[in-house]
Each structure stands twice: as structure tokens, then as C-alpha cells.
Amino acid sequence: MSIQRILSGMRPTGKLHLGHYTGALENWIAQQDLLHPDGSRAYETCFLIADYHSLTTSLDTSSLYAHSIDMLVDWLAAGVDPEKSPVFRQSQVKEHAELFLIFSMLITTARLERNPTLKEQVRDLNMESLVYGHLGYPVLQAADILLYKGNVVPVGEDQIPHVEITREIARKFNSHYQHPALGDVFPEPAPKITKFARLVGLDGKAKMSKSLGNTILLSDGPDEVLAKMRPAVTDTQKVRRNDPGRPEVCLVYSYHQKFTGEAQLAEIETGCRSGALGCVDCKKMCAANISAELAPILERRKHYEERPEMVKEILHEGETKARKIAGETMKEVREAMNLGESNA
């Protein structure tokens, strides 16, 4: 049966939190391991450490490598299999920059300025001025995806406009440049969103973000998870234990919907609405269920933390595989564009 390719990535910000897990990482692993009825893989998966993208919001590279390794360890601990899925740094595959340059000629600044995700970032980060690289972030992302001919892009809801720009660029390249043997060089990738694409942070105000201090890390042990859960916001109208609650507006209940089994979830909803279940006990149960899901991740994380040379080797092997794929794509791009040696 036919196999499609997935390319997805994250900026290296260090250790990952539950928002990364439910919004992207969990879906990556599911797609990595998905099989056709005949036992063949449904997807080829490639996972990118987007270190160039980090420069769009900060020029400080002093911790970039350490953050990349921390993030990679979380990927591996969560279930990314380097035998199935090459993992690699964007900066170590020069073809990313080369294709980014070509794609920059295929889109206007006006189109990029209409990108709603960009407007949100400018607002949320209180940016007074915009660098060219940040404006062109979706173009570099298009190069990342199309360099590996990604057919499917697992993303959060906020990244859908970027995938649409990727599709537009692929169409424009294919309409201008046809490969003499292949025809279209690039596919038009489709976004794939998880059910829990956005996990609200513990403060209940925004999605989880380490800069906001409202996260539970994948590397947090049970005591840390419980300590972070204690001040989490709940239904403001449920002040005392016997007050009836509204699970549909409670942040902690939204976590239960992800990490708690159906039978216990029904009991929690009933207890909350009746007032029989207090918020303190509800939070303790939620913390315990989150820790139960994190337990195997913590165990695997310890394995990789104790073997740093293994992690580095996994990264280097992934980068070798990525360079091979990227080199083949750029050869096709140059042939389609008649760049290079003359055929005369």
C-alpha cells in the first residue's frame, strides 16, 4: 500500500510540557507507529529540531544545543523511535536555507503580513518591530516540510495558516517549474490536528507556556505534578467543598478529560455537580492520573539521560539520513528550474 511522509518539528526550548505532548508529540508517535492492514507502515516520519526558527525571536544561541538535546531526550522518552523516524537539527542540513531562498521569490510580503499567526505572535510577545526572518518564518517552514516532501503535517490549530502558505508555495513552484521526468516536484501537504491541540495552562488564562510559568513538564515527578496542580484554577463559583460545581468551565476537569478513564471521569463529574467532591481531592486525583501517564516517560527519560553519547549518536545518524533526502530533493529542484550545468 502507498506510504505518505510526515515532517514535523519544534523549536528547541528545552524540556517539554504537557501542552507539547497532547498538542503534537502524542500524535507524532501515533502516526510513526500506524500500520496498514497488511502490516506495512502508513507513514514515513521525520522530526525536525527547528533551531533556525529560534532566531526569529531571540539571537541568543548560548543554550541552543543544550535545549536541543533536552528536547530530543523528551522526544525519545515519549516514544519517538529513531530507527523509524530520523531526528535532526535544521541548521545541520544546508538545503533548508537553500530552498528557503528559492521559496522567498514565490510569495509577497503582503501575503505574509496577513498571516494571523504572525499577528498573534507580535501581540503576545509585545514586539515593537519585526525582523525579516520572523516575517518569513512560514516560508522557512514551507522549505522544511517540502524539502522532505511531507504529505501530512501534524500541527496545533495555530499553525494551520502556516500549512496553507506551504500549500500555496508548492502550487506556485509546480506551476512555474515542471520536472522533465517527475512533473510536479512537490506535494501539497495537509494539516492533521489532534483532538487536544490546545491544552490550557494551570493559570487558566492561556495555553501552556514555560514563559508564563503555567506548565507541567514531561520530566516532572509525582510530587512536582501535585505541587503544580494545587494552585490550578477551578470553577470560581465552587468556593467550598459542598458547593455544586460546573465541570464544563473547570480547568482541572478539562485535564481529567484527557488523563482520566471514562468510569472515574463520570464519577468526578457527578461528584462535582452535586458538591460531594471537593476541588482539593479532585486535583489530587488529576495529579495522580497525570503522573501515571508520565511514569513510563520518566523511566525512559532516565535511560537516555544516563547515556548522553547515545543521544548524540542518534542525532548525528538522523542528520546523515536527512541530508540524503534533502540532497535528492534539491537535485530535482535544480533540474526543474534548469539551474546548474547546461544541457546544451
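Where is the place of Lys 149? Lys 149 sits in the loop between helix 8 (137-147) and strand 4 (152-155). Helices here are DSSP runs of H or I with at least four residues, strands are runs of E with at least two, and both are numbered from the N terminus. Lys 149 has a positive phi of about 50°, although it is not a glycine.

Before going on, a word about the model. This is a predicted model, in which local features need pLDDT of at least 70 and side-chain atom pairs count only at pLDDT 80 or more, while totals for chains, interfaces and linings use all residues. Residues are numbered from 1 along each chain as its sequence is written, and side-chain values use heavy atoms, with hydrogens and water left out.

Let us begin with helix 1 (residues 18-33), where you will find Gly 19. Gly 19 is buried, with a relative accessible area of 15%. Buried means under 20% relative accessible area, exposed means over 50%, and partly exposed lies in between (1.4 Å probe, protein chains only). Leaving aside residues up to four places away in sequence, Gly 19 touches Ala 24, Leu 199 and Met 208, where contact means heavy atoms within 4.5 Å. Val 200 is 181 residues from Gly 19 along the chain, yet their C-alpha atoms are separated by 7.7 Å.

Next comes the loop between helix 2 (51-54) and helix 3 (64-78), which holds Leu 55. Leu 55 is partly exposed, at a relative accessible area of 34%. Together with Tyr 52 and Leu 59, Leu 55 forms a nonpolar patch on the surface, with about 300 Å² of accessible area in total. Patches are made of residues with over 30% relative accessible area and no salt bridge; like charges are joined within 9 Å, and nonpolar side chains (Val, Leu, Ile, Met, Phe, Trp, Tyr) within 5 Å. Accessible areas come from the Shrake-Rupley method with a 1.4 Å probe, and for residues only the protein chains shown count as cover. Thr 61 also lies in the loop between helix 2 and helix 3, and at 42% relative accessibility it is partly exposed. Thr 61 and Asp 51 are 10 residues apart in sequence, with 9.1 Å from C-alpha to C-alpha.

Now to the charged residues. Side chains of opposite charge can pair when their charged atoms come close. A salt bridge is a side-chain nitrogen of Lys or Arg within 4 Å of a carboxyl oxygen of Asp or Glu, and the structure holds 25 of them. One of these joins Lys 94 and Glu 95, at 3.6 Å from N to O.

Another salt bridge links the side chains of Glu 164 and Arg 167, at 3.7 Å from N to O. Why are Glu 164 and Arg 167 separated by about one helical turn? It is because they are three residues apart in helix 9 (residues 160-176). Glu 164 is partly exposed at 32% relative accessibility, and Arg 167 is partly exposed at 23%.

Arg 301 forms a salt bridge with Glu 305, and their closest N and O atoms are 2.4 Å apart. Arg 301 and Glu 305 are four residues apart in helix 13, so about one helical turn separates them. Arg 301 is buried, with a relative accessible area of 2%, while Glu 305 is partly exposed at 46%. Both belong to a network of salt bridges that also links Asp 70 and Asp 74.

Glu 305 has a further part in the picture, at the meeting of two helices. His 303, Tyr 304 and Glu 305 in helix 13 meet Pro 308, Met 310, Val 311 and Ile 314 in helix 14.

Our walk ends in the segment after helix 14, the place of Asn 338. Asn 338 is exposed, with a relative accessible area of 61%, and has a positive phi of about 60° although it is not a glycine.
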